[in-house]
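User: I would like to go through this model and ask, for each label, what the label rests on. Please set each value against its cut-off before you conclude.

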Amino acid sequence: MLSGSTPLRLMDIAQILSLKEKEVCEHLAHISRSVKSRKQKLVIVAPECQSCGFVFKNRSRFSKPGRCPECKGQRIQEPEFRLEPL
């Protein structure tokens, strides 16, 4: 599912697996550690503020940010995830 060329949002993964988004976040943390043994990495497409364009580059959480630190806006694009070979 995550190995495809199209990155998936938390909401997409949750719907496919019939889980809550919070549960998906917990699983993604485990997946990011365990795929290293398969010579893969979990790539996170950084969320971006749709109001001012701020990119959350160094974010370590898998969930969607609540508010932009620059403009304090709440129109934040969800992070997207995919697996890539190392």
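**Labels and their grounds**

Analyst: On one side of helix α2, K22, E26 and R33 are exposed. Please keep in mind throughout that this is a predicted model.

User: Which residues of α2 are buried, and what puts them on the same side of α2?

Analyst: The buried residues of α2 are V24, C25 and L28. They cover an arc of only 105° around the axis, and therefore they lie on the same side of α2. K22, E26 and R33 are on the other side.

User: What do the buried residues of α2 pack against?

Analyst: They pack against α1 (10–17), β2 (40–45) and β3 (80–85).

User: How do you know that the span of α2 agrees with its number of residues?

Analyst: Helix α2 has 14 residues (residues 21–34), which at 1.5 Å a residue should span 20 Å; because its end C-alpha atoms are 20 Å apart, the two values agree.

User: What makes β3 a paired strand, and which strands does it pair with?

Analyst: Two strands pair if there are at least two bridges between them. Strand β1 (residues 8–9) and β3 have two bridges, in the antiparallel sense, and one of the pairs joins R9 to E80 in β3. β2 and β3 have six bridges, also in the antiparallel sense, and here L42 has L83 in β3 as its bridge partner.

User: Why does C52 count as partly exposed, and how far is its sulfur from that of C68?

Analyst: C52 has 40% relative accessibility, which lies between the cut-offs of 20% and 50%, and so it is partly exposed. Its sulfur is 3.7 Å from the closest cysteine sulfur, in C68, which is too far for a bond. By this rule the count comes to zero disulfides.

User: How do you know whether the radius of gyration of the protein chain agrees with that of a compact globule?

Analyst: With 86 residues, a compact globule would have a radius of gyration near 12 Å, and because the protein chain has 13 Å, the value agrees.

How values were computed. Residues numbered from 1 in each chain as written. Predicted model: local features only at pLDDT ≥ 70, side-chain atom pairs only at ≥ 80, totals over all residues. Heavy atoms only, no water. Helix = DSSP H or I, 4+ residues; strand = E, 2+ residues; numbered from the N terminus. Expected span 1.5 Å × (residues − 1). Buried < 20%, exposed > 50% of the residue type's maximum accessible area, 1.4 Å probe, protein only. Arc of directions from axis to C-beta. Contact = heavy atoms within 4.5 Å. Disulfide = S-S within 2.5 Å. Rg over C-alpha atoms; globule rule 2.2 N^0.38 Å.
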